Amino acid sequence: MSDANTTAPGQEACDAGQDPHRLREWLVTNGLGGYASGTVTGAITRRYHGLLVAALPNPLGRVMMVNGLSERLRLPSRRVVCTGAEELAGVAPESVYPLTAFCLDHGLPVWRYEIDGFVLEKRLLMPYQQNTVHVTYRLLRGEGMLRLNLRPALQFRSHDALVGPLPSISYRLSVFENRFEITGEPNYPILRLQLTGPATAFTVDGKVTATIPYRTERDRGYAWKGSLWSPGYFRTDLEQGQETTLIASTEGWDAIEAQSPEAAYRSESERCDHLLRLAGPALQSGPAAQLVLAADQFLITPVGRVQDAVRAKAAGDDVRTIIAGYHWFTDWGRDTMISLEGLTLLTGRINEAGWILRTFAEYIRNGLIPNMFPEGEAGGLYHTADATLWFFHAFNRYLGATNDQATLRLLLPKFQDIIEHHWRGTDFGIAVDPADGLLRQGAPGYQLTWMDAKVDDWVVTPRRGKAVEINALWYNALRLLEGWLAQSGDAAAADAMGQRAEQVRDSFNNRFWFASGGYLYDVVDGETGGDDAACRPNQVLAISLDHPVLNESRWSSVMAVVTRELLTPVGLRSLAPGHPDYKAHYYGDLRSRDAAYHQGTVWAWLIGPYVEAWLKLHPGRQAEAREFLAGLMGNLDAACVGSLSEVFDAEPPYLARGCIAQAWSVAETLRCWVMTETAAQETAPG
């Protein structure tokens, strides 16, 4: 077990650029997009912290149903102590008993408390594909009876809604034997509660909690004070070896009671063991196994988009998608395509990869796949210039892993249609310049590349014109389609695609080479007609992709500059230090954070393209490349225990920021682990 009092490096600092309230967090998911999450200590610091965030059909989306749980222990000596958040318990901080230890078991959080000879263990799980949470307490050691009081606190709301005073909604509690039901917000589901175990009872004692300070929300510039409502409290008496489980759910009673808590825990443990077996021997233990279980959290069945499920099942498929990040992201096209290889192909979840690709193919419109699906909505938004090109990359990796010729035949006309739309011109100014074959993009008010920060009408990094990674992806897509057409027997179409690719390659190497810097322009032919020489990580894709567009003679120079200016222990900076727009820290309100989002802030996912490009330059040196992952693997026990954050500060101590668990951070780190595995095993001691 890990020491619960350990903080990530630098988290104890409290200068203007570092948040003193940042605590280690945990995350449990249910395969539907729902989740439970909080701080290891139990303090509620985010609007997203809760024990049950249910994923519900549109238009509700993800809904906070149980925000917190106050735990009060009465010892045989009559001494009373509380665990977790003092705000929920209504006690002073000195009355809260500290956590002894915290760890993950099969990816699930386990807390341990030791009090006057008593050892109490708490576990939490969400049964797979249910909007249900189990919180189990087991008395491992102690003489006499330990009384445990559990008071749930709640406010039914969108998980993304700002916190504040309780609205004037009357919650109603209904009781039948040991079944408790709470209704509240109109159109929201019923919350069902049940306590299993010895000598259980419930005391009706409805009340509103004291004002809770959501400290992380305050530091991120949002509303940060709010209250919750509690219907009363459960009580149980435990002796050594006994356990009790609080169940909270939006499912029907038949589903809730279909499995005992013990059986549900066995099922989830067996499911996790199965995931590790699917992933193969190299990923079955240590930090690699943590990454495999973290990867599972992002693969979901989207319950909101009913049409997807109907269409998929009619075709003999099932429907899956990828949540881009917890807590606030939904599924994004770009993130999905970048993450697909690491989350599915390398973890043995081949069928799910196919389902995801075929699902997105159904959403192609005017040659584009969706940029994102907003929370609670069925339709997608299409303002992206690169997600569709990443679709080619993801499918090629899938094809390499499966040789799925049936899906190739199904999607080949769609890929051809995508290219033709780009060639003629499609939405948001995305079109080929006939003079050089390069792909340009840009429309006022839109941010179309992955550097997509926008505050009100301010597009922070518009990058309109011909962006370096867009054209690297464009060339890669043309070459991939050339190969697929040749494979299908259409030699004339393949030849035409090859000629287009040759033009792009020649133009790219003529236009993007920044000779005086020894690296690549980030954007050429920008909206004001000039070229942008900002040193950014986007240029690495000109080397890392399956069909690199950059002449090999320039790889070494580009990688030397990227390594010197952008590489950190946790990924690549989004902008080199020394640039006027460079920001060393990502913190503050939304405008401050978005101003730094792609202006120096480190992105973990970029370690994937970097390692892939580095290994092209240094083949056979996987053991050295493995060293680039050390900082990221160390973060598996830091900000979100068992997962990896979205972004990090650009300077030491490289504090984790943004989403606590990000799909492409996990996917690309796992992919790099696999890429560097062979030599690492050969050089391991013994």
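Mentor: In what follows, Lys and Arg count as positive and Asp and Glu as negative, while His and the chain ends are not counted. The place of a charge is NZ of Lys, CZ of Arg, CG of Asp or CD of Glu. The model is predicted: local features need pLDDT of at least 70, side-chain atom pairs count only at pLDDT 80 or more, and totals for chains, interfaces and linings use all residues. Residues are numbered from 1 along each chain as its sequence is written, and side-chain values use heavy atoms, without hydrogens and water.

Trainee: How many Å apart are the mean positions of the positive and negative charges of the protein chain?

Mentor: The protein chain holds 62 positive and 79 negative charges. Their mean positions are apart by 3 Å.

Trainee: Which radius of gyration does the protein chain have?

Mentor: The radius is taken over C-alpha atoms, and the globule rule is 2.2 Å times the number of residues to the power 0.38. For 686 residues, a compact globule would therefore have a value near 26 Å. The protein chain agrees with this, at 26 Å.

Trainee: What percentage of the residues count as buried?

Mentor: Buried means under 20% relative accessible area, with a 1.4 Å probe and protein chains only. Of the 686 residues, the buried share is 61%.

Trainee: What is the strand order of the open sheet of five strands?

Mentor: Strands are DSSP runs (E, at least two residues) numbered from the N terminus, and two strands pair if DSSP finds at least two bridges between them. The pairing here is antiparallel, and the edge strands are strand 2 (25-29) and strand 13 (157-158). The order is 2-3-4-5-13.

Trainee: Which residue in strand 4 stands opposite Tyr 35?

Mentor: Two bridges join strand 3 (residues 35-39) to strand 4 (residues 50-56). Opposite Tyr 35 stands Val 53.

Key
Helix = DSSP H or I, 4+ residues; strand = E, 2+ residues; numbered from the N terminus. Buried < 20%, exposed > 50% of the residue type's maximum accessible area, 1.4 Å probe, protein only.
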